[in-house]
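Please examine the sequence and the three-dimensional structure shown below. The paragraphs that follow lead through its parts in turn.

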Amino acid sequence: MAGVYSVSQVNAYIKNMFAQDFALNRISVKGEVSNCKYHTSGHIYFTLKDGLGAMQAVMFTSRRKGLTFRLEEGQQVVVKGSIEVYERDGRYQLYASEITLDGTGDLFRRFEKLRNELEEMGMFSPEYKTPIPKYAKTVGIVTASTGAAIRDIINISGRRNPYVQLVLCPALVQGAGAAPSIVRAIQTLDAMHLDVLIVGRGGGSIEDLWAFNDERVARAIYDSDIPVISAVGHEPDVTISDFVADLRAATPSNAAELAVPNAEDLRETLRSYDIRMTQAMRKQMTQRRAALENLAGRRVLQS
(Lines give C-alpha, C1' and ligand atoms only; values in the text may rest on other atoms or scores of the structure.)
Protein backbone atom coordinates (compact mmCIF):
# COMPACT_ATOMS: atom_id res chain seq x y z
CA MET A 1 0.00 0.00 0.00
CA ALA A 2 1.24 3.45 -0.87
CA GLY A 3 2.27 5.60 2.11
CA VAL A 4 2.55 2.64 4.49
CA TYR A 5 5.96 2.03 6.04
CA SER A 6 7.41 -0.75 8.08
CA VAL A 7 8.55 -0.23 11.65
CA SER A 8 12.19 -0.61 10.67
CA GLN A 9 11.82 1.98 7.90
CA VAL A 10 10.37 4.51 10.34
CA ASN A 11 13.09 3.81 12.90
CA ALA A 12 15.77 4.19 10.24
CA TYR A 13 14.24 7.47 9.06
CA ILE A 14 14.14 8.89 12.60
CA LYS A 15 17.69 7.74 13.26
CA ASN A 16 18.83 9.57 10.14
CA MET A 17 17.02 12.74 11.32
CA PHE A 18 18.89 12.59 14.64
CA ALA A 19 22.18 11.96 12.85
CA GLN A 20 21.77 15.09 10.73
CA ASP A 21 20.98 17.36 13.70
CA PHE A 22 24.19 19.16 14.63
CA ALA A 23 22.96 20.12 18.11
CA LEU A 24 22.20 16.49 19.02
CA ASN A 25 25.57 15.27 17.77
CA ARG A 26 27.51 17.52 20.12
CA ILE A 27 25.51 18.10 23.25
CA SER A 28 26.13 18.49 27.00
CA VAL A 29 23.36 17.43 29.35
CA LYS A 30 23.23 18.11 33.09
CA GLY A 31 21.32 15.87 35.46
CA GLU A 32 21.28 13.44 38.35
CA VAL A 33 22.50 9.85 37.94
CA SER A 34 19.99 7.10 38.67
CA ASN A 35 19.69 3.34 38.00
CA CYS A 36 23.42 3.12 37.35
CA LYS A 37 24.60 -0.34 36.30
CA TYR A 38 28.10 -1.48 35.37
CA HIS A 39 27.66 -4.29 32.83
CA THR A 40 30.04 -7.24 32.67
CA SER A 41 30.96 -6.06 29.19
CA GLY A 42 32.38 -2.88 30.71
CA HIS A 43 29.61 -0.62 29.45
CA ILE A 44 27.90 1.73 31.93
CA TYR A 45 24.13 2.09 31.64
CA PHE A 46 22.35 4.80 33.61
CA THR A 47 19.46 7.25 33.68
CA LEU A 48 20.03 11.00 33.66
CA LYS A 49 17.18 12.94 35.26
CA ASP A 50 16.01 16.20 36.74
CA GLY A 51 12.78 17.24 38.44
CA LEU A 52 10.71 17.11 35.25
CA GLY A 53 12.11 14.34 33.09
CA ALA A 54 14.60 11.55 32.47
CA MET A 55 16.56 9.98 29.62
CA GLN A 56 18.48 6.78 29.18
CA ALA A 57 22.23 7.00 28.73
CA VAL A 58 25.16 4.70 28.08
CA MET A 59 28.94 5.00 28.16
CA PHE A 60 30.69 2.29 26.19
CA THR A 61 33.89 0.67 27.42
CA SER A 62 35.95 2.39 24.73
CA ARG A 63 34.92 5.78 26.16
CA ARG A 64 35.65 5.02 29.82
CA LYS A 65 39.35 5.92 29.69
CA GLY A 66 38.58 9.54 30.49
CA LEU A 67 36.25 8.73 33.40
CA THR A 68 38.23 9.58 36.54
CA PHE A 69 35.62 8.52 39.13
CA ARG A 70 33.07 5.77 39.71
CA LEU A 71 29.62 6.73 38.53
CA GLU A 72 27.12 6.28 41.37
CA GLU A 73 23.51 6.96 42.31
CA GLY A 74 22.64 10.55 43.21
CA GLN A 75 25.65 12.22 41.58
CA GLN A 76 25.01 15.45 39.73
CA VAL A 77 26.95 15.27 36.47
CA VAL A 78 27.43 16.88 33.08
CA VAL A 79 27.44 14.35 30.24
CA LYS A 80 28.93 15.26 26.88
CA GLY A 81 28.13 13.16 23.85
CA SER A 82 25.47 12.61 21.23
CA ILE A 83 21.80 11.73 21.26
CA GLU A 84 21.09 8.93 18.81
CA VAL A 85 18.33 6.49 18.02
CA TYR A 86 18.83 2.83 18.87
CA GLU A 87 17.23 1.60 15.69
CA ARG A 88 16.25 -1.90 16.81
CA ASP A 89 14.08 -0.67 19.71
CA GLY A 90 13.09 2.65 18.23
CA ARG A 91 14.22 4.65 21.25
CA TYR A 92 16.70 7.43 21.69
CA GLN A 93 19.41 7.63 24.31
CA LEU A 94 22.42 9.70 25.22
CA TYR A 95 25.73 8.16 24.17
CA ALA A 96 28.32 9.58 26.58
CA SER A 97 31.84 10.44 25.48
CA GLU A 98 32.76 12.37 28.63
CA ILE A 99 31.27 12.65 32.13
CA THR A 100 32.25 15.22 34.76
CA LEU A 101 31.00 15.70 38.31
CA ASP A 102 28.82 18.72 38.96
CA GLY A 103 28.26 18.62 42.70
CA THR A 104 26.01 16.19 44.58
CA GLY A 105 22.49 15.31 43.52
CA ASP A 106 19.53 16.55 45.53
CA LEU A 107 18.59 13.14 46.93
CA PHE A 108 22.15 12.43 48.01
CA ARG A 109 22.37 15.85 49.70
CA ARG A 110 19.16 15.16 51.59
CA PHE A 111 20.48 11.73 52.62
CA GLU A 112 23.75 13.20 53.94
CA LYS A 113 21.94 16.02 55.77
CA LEU A 114 19.53 13.68 57.61
CA ARG A 115 22.26 11.15 58.37
CA ASN A 116 24.42 13.84 59.98
CA GLU A 117 21.49 15.25 61.97
CA LEU A 118 20.43 11.87 63.38
CA GLU A 119 24.01 10.90 64.13
CA GLU A 120 24.49 14.10 66.13
CA MET A 121 21.33 13.23 68.08
CA GLY A 122 22.89 9.87 69.02
CA MET A 123 20.36 7.71 67.20
CA PHE A 124 23.11 5.57 65.69
CA SER A 125 25.00 5.04 68.96
CA PRO A 126 25.85 1.40 69.80
CA GLU A 127 24.73 1.79 73.41
CA TYR A 128 21.13 2.28 72.27
CA LYS A 129 21.04 -0.86 70.17
CA THR A 130 19.30 -3.98 71.50
CA PRO A 131 20.87 -7.41 70.88
CA ILE A 132 18.94 -9.70 68.56
CA PRO A 133 17.55 -12.65 70.60
CA LYS A 134 19.35 -15.91 69.93
CA TYR A 135 16.26 -18.10 70.08
CA ALA A 136 13.41 -16.06 68.63
CA LYS A 137 10.00 -17.76 68.51
CA THR A 138 8.07 -14.96 66.76
CA VAL A 139 9.43 -12.77 63.95
CA GLY A 140 7.59 -9.71 62.64
CA ILE A 141 8.09 -8.62 59.03
CA VAL A 142 7.43 -5.20 57.51
CA THR A 143 7.60 -5.34 53.72
CA ALA A 144 5.37 -5.62 50.67
CA SER A 145 3.01 -8.60 50.69
CA THR A 146 4.20 -9.54 47.21
CA GLY A 147 7.71 -9.53 45.85
CA ALA A 148 11.06 -11.23 46.25
CA ALA A 149 11.74 -10.00 49.80
CA ILE A 150 8.86 -11.75 51.54
CA ARG A 151 9.33 -14.92 49.46
CA ASP A 152 13.01 -15.08 50.36
CA ILE A 153 12.30 -14.56 54.07
CA ILE A 154 9.60 -17.26 54.11
CA ASN A 155 11.78 -19.75 52.24
CA ILE A 156 14.87 -19.21 54.39
CA SER A 157 12.86 -19.28 57.62
CA GLY A 158 11.06 -22.48 56.61
CA ARG A 159 14.34 -24.24 55.91
CA ARG A 160 16.00 -23.05 59.10
CA ASN A 161 13.16 -23.53 61.56
CA PRO A 162 9.54 -24.23 60.57
CA TYR A 163 8.45 -23.83 64.20
CA VAL A 164 9.20 -20.09 64.29
CA GLN A 165 6.07 -18.00 63.75
CA LEU A 166 6.29 -15.30 61.06
CA VAL A 167 3.92 -12.33 61.34
CA LEU A 168 3.69 -10.13 58.24
CA CYS A 169 2.29 -6.63 58.42
CA PRO A 170 2.17 -5.54 54.75
CA ALA A 171 3.39 -2.06 53.88
CA LEU A 172 4.04 0.05 50.84
CA VAL A 173 7.80 0.11 50.29
CA GLN A 174 7.95 2.57 47.39
CA GLY A 175 6.22 5.79 46.40
CA ALA A 176 4.64 8.78 48.10
CA GLY A 177 2.69 6.86 50.77
CA ALA A 178 5.43 4.36 51.61
CA ALA A 179 6.96 6.07 54.65
CA PRO A 180 3.67 6.44 56.63
CA SER A 181 2.73 2.87 55.67
CA ILE A 182 6.04 1.50 57.00
CA VAL A 183 5.69 3.51 60.22
CA ARG A 184 2.18 2.14 60.87
CA ALA A 185 3.34 -1.42 60.26
CA ILE A 186 6.29 -1.07 62.65
CA GLN A 187 4.05 0.36 65.37
CA THR A 188 1.44 -2.37 64.84
CA LEU A 189 3.96 -5.19 65.23
CA ASP A 190 5.73 -3.43 68.10
CA ALA A 191 2.45 -3.49 70.05
CA MET A 192 2.30 -7.29 69.61
CA HIS A 193 5.49 -7.78 71.68
CA LEU A 194 7.17 -10.15 69.23
CA ASP A 195 10.77 -11.28 69.62
CA VAL A 196 12.36 -9.55 66.64
CA LEU A 197 11.33 -7.40 63.69
CA ILE A 198 12.60 -7.38 60.07
CA VAL A 199 12.03 -4.15 58.13
CA GLY A 200 13.02 -3.99 54.48
CA ARG A 201 12.54 -4.70 50.79
CA GLY A 202 14.44 -5.91 47.73
CA GLY A 203 16.95 -3.86 45.76
CA GLY A 204 16.29 -0.85 43.56
CA SER A 205 17.42 2.63 42.66
CA ILE A 206 17.91 5.38 45.23
CA GLU A 207 14.38 6.58 44.41
CA ASP A 208 12.94 3.11 44.97
CA LEU A 209 14.59 2.84 48.40
CA TRP A 210 13.92 6.41 49.45
CA ALA A 211 11.17 5.59 51.97
CA PHE A 212 13.85 3.97 54.14
CA ASN A 213 15.71 7.30 54.20
CA ASP A 214 12.67 9.05 55.66
CA GLU A 215 13.06 10.53 59.16
CA ARG A 216 9.64 9.19 60.21
CA VAL A 217 10.71 5.64 59.43
CA ALA A 218 14.03 6.14 61.21
CA ARG A 219 12.27 7.35 64.38
CA ALA A 220 9.77 4.47 64.30
CA ILE A 221 12.65 1.99 64.16
CA TYR A 222 14.50 3.80 66.94
CA ASP A 223 11.38 3.92 69.17
CA SER A 224 10.55 0.23 68.67
CA ASP A 225 10.75 -1.89 71.84
CA ILE A 226 11.33 -4.93 69.62
CA PRO A 227 14.88 -5.34 68.25
CA VAL A 228 14.86 -4.35 64.57
CA ILE A 229 16.88 -5.83 61.70
CA SER A 230 17.09 -3.53 58.68
CA ALA A 231 17.14 -5.44 55.38
CA VAL A 232 16.91 -2.89 52.59
CA GLY A 233 18.11 -3.74 49.10
CA HIS A 234 21.38 -5.51 48.46
CA GLU A 235 24.86 -5.33 49.99
CA PRO A 236 25.96 -2.01 48.37
CA ASP A 237 22.69 -0.25 49.25
CA VAL A 238 22.87 1.85 52.42
CA THR A 239 19.91 3.69 53.94
CA ILE A 240 19.19 5.69 57.08
CA SER A 241 17.22 2.69 58.37
CA ASP A 242 20.42 0.62 58.31
CA PHE A 243 22.15 3.08 60.63
CA VAL A 244 19.35 3.40 63.18
CA ALA A 245 18.32 -0.29 63.32
CA ASP A 246 19.71 -2.63 65.96
CA LEU A 247 21.31 -4.75 63.23
CA ARG A 248 21.82 -4.34 59.50
CA ALA A 249 21.39 -7.31 57.13
CA ALA A 250 22.91 -7.36 53.65
CA THR A 251 19.68 -8.67 52.11
CA PRO A 252 16.21 -9.84 53.24
CA SER A 253 17.48 -13.43 52.99
CA ASN A 254 20.37 -12.58 55.28
CA ALA A 255 17.90 -10.97 57.71
CA ALA A 256 15.98 -14.26 57.93
CA GLU A 257 19.22 -16.09 58.70
CA LEU A 258 20.02 -13.60 61.46
CA ALA A 259 16.52 -13.62 62.99
CA VAL A 260 15.50 -17.28 62.79
CA PRO A 261 17.50 -19.82 64.82
CA ASN A 262 18.57 -22.92 62.94
CA ALA A 263 16.61 -25.90 64.29
CA GLU A 264 19.38 -28.36 63.45
CA ASP A 265 21.88 -26.24 65.36
CA LEU A 266 19.50 -26.24 68.33
CA ARG A 267 19.18 -30.02 68.19
CA GLU A 268 22.95 -30.38 68.00
CA THR A 269 23.34 -28.05 70.98
CA LEU A 270 20.82 -30.10 73.00
CA ARG A 271 22.62 -33.34 72.08
CA SER A 272 25.87 -31.77 73.21
CA TYR A 273 24.29 -30.69 76.52
CA ASP A 274 22.85 -34.20 77.00
CA ILE A 275 26.27 -35.80 76.53
CA ARG A 276 27.94 -33.32 78.86
CA MET A 277 25.26 -33.77 81.55
CA THR A 278 25.53 -37.57 81.32
CA GLN A 279 29.32 -37.42 81.58
CA ALA A 280 29.13 -34.99 84.52
CA MET A 281 26.58 -37.20 86.32
CA ARG A 282 28.71 -40.32 85.84
CA LYS A 283 31.75 -38.47 87.10
CA GLN A 284 29.85 -37.37 90.20
CA MET A 285 28.60 -40.92 90.86
CA THR A 286 32.12 -42.32 90.50
CA GLN A 287 33.49 -39.73 92.91
CA ARG A 288 30.68 -40.29 95.45
CA ARG A 289 31.08 -44.09 95.23
CA ALA A 290 34.82 -43.78 95.85
CA ALA A 291 34.17 -41.48 98.82
CA LEU A 292 31.60 -43.93 100.23
CA GLU A 293 33.95 -46.89 99.85
CA ASN A 294 36.67 -44.91 101.58
CA LEU A 295 34.37 -44.21 104.53
CA ALA A 296 33.19 -47.81 104.65
CA GLY A 297 36.78 -48.98 105.06
CA ARG A 298 37.37 -46.97 108.23
CA ARG A 299 37.65 -48.93 111.52
CA VAL A 300 35.02 -46.87 113.29
CA LEU A 301 32.41 -47.94 110.73
CA GLN A 302 33.60 -51.57 110.70
CA SER A 303 33.36 -51.90 114.53
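Arg 70 lies over the face of Tyr 38, at 4.0 Å from the ring centre. A charge is taken to sit over a ring if NZ of Lys or CZ of Arg is within 6 Å of the ring centre and within 35 degrees of the ring normal. The model is predicted, so that local features need pLDDT of at least 70 and side-chain atom pairs count only at pLDDT 80 or more, while totals for chains, interfaces and linings use all residues. Residues are numbered from 1 along each chain as its sequence is written, and side-chain values use heavy atoms, with hydrogens and water left out.

Helices (H or I, at least four residues) and strands (E, at least two) are DSSP runs, numbered from the N terminus. Two strands pair if DSSP finds at least two bridges between them. E1 and E2 are antiparallel and share five bridges, with Ser 34 having Thr 47 of E2 as its bridge partner. Five residues separate E1 and E2 in a hairpin, and Gly 42 in the turn has a positive phi of about 105°. On to the next pairing: strand E2 (residues 44-49) runs antiparallel to strand E3 (residues 54-59), and six bridges join them. Thr 47 stands opposite Gln 56 in E3, and Leu 48 has Met 55 as its bridge partner there. E2 and E3 likewise form a hairpin, with four residues between them.

How many of the six residues of E2 are buried? Five of them are, and the strand is mostly covered. Buried means under 20% relative accessible area, exposed over 50%, and partly exposed in between (1.4 Å probe, protein chains only). Phe 46 lies in strand E2 and counts as buried because its relative accessibility is 2%. Contact means heavy atoms within 4.5 Å. Leaving aside neighbours within four places in sequence, Phe 46 is in contact with residues including Val 33, Cys 36, Ala 57, Leu 71, Val 79 and Ile 99. Met 59 is also among the contacts of Phe 46; the two residues are 13 apart in sequence and 8.6 Å apart in space, C-alpha to C-alpha.

Asn 35, another contact of Phe 46, lies in strand E1 (residues 27-38). Asn 35 has a positive phi of about 50° although it is not a glycine, and it is partly exposed, with a relative accessible area of 32%.

A second sheet-forming region can now be considered. Five strands form an open sheet in the order E7-E6-E8-E9-E10, with parallel pairing. Strand E7 (165-168) and strand E10 (247-248) stand at the edges with a single partner strand each, so one side of each is left without a neighbour in the sheet. Within this sheet, four bridges join strand E6 (residues 138-142) to strand E8 (residues 196-201), and the two run parallel. Val 142 stands opposite Val 199 in E8.

Helices accompany these strands. Helix H4 (residues 148-160) lies across E6, E7 and E8, and runs at about 170° to E7; axes are lines fitted to C-alpha atoms, for helices over the stretch in contact, and angles run from 0 to 180 degrees between N-to-C directions. The buried residues of H5 pack against E6, E7, E8 and helix H6 (215-223). Among these buried residues are Ala 178, Ile 182, Val 183, Ile 186 and Leu 189.

The expected span of a helix is 1.5 Å times one less than its number of residues. The 13 residues of helix H5 (residues 178-190) should therefore span 18 Å, and the end C-alpha atoms are 18 Å apart, which agrees.

Two loop residues complete the account. His 193 is placed in the loop between H5 and E8; its phi is near 55°, a positive value in a residue other than glycine. With a relative accessible area of 66%, His 193 is exposed. Thr 251 is found in the loop between E10 and helix H8 (252-259) and is partly exposed, at 23% relative accessible area. Not counting residues up to four places away in sequence, Thr 251 touches Ala 231, Gly 233 and His 234.
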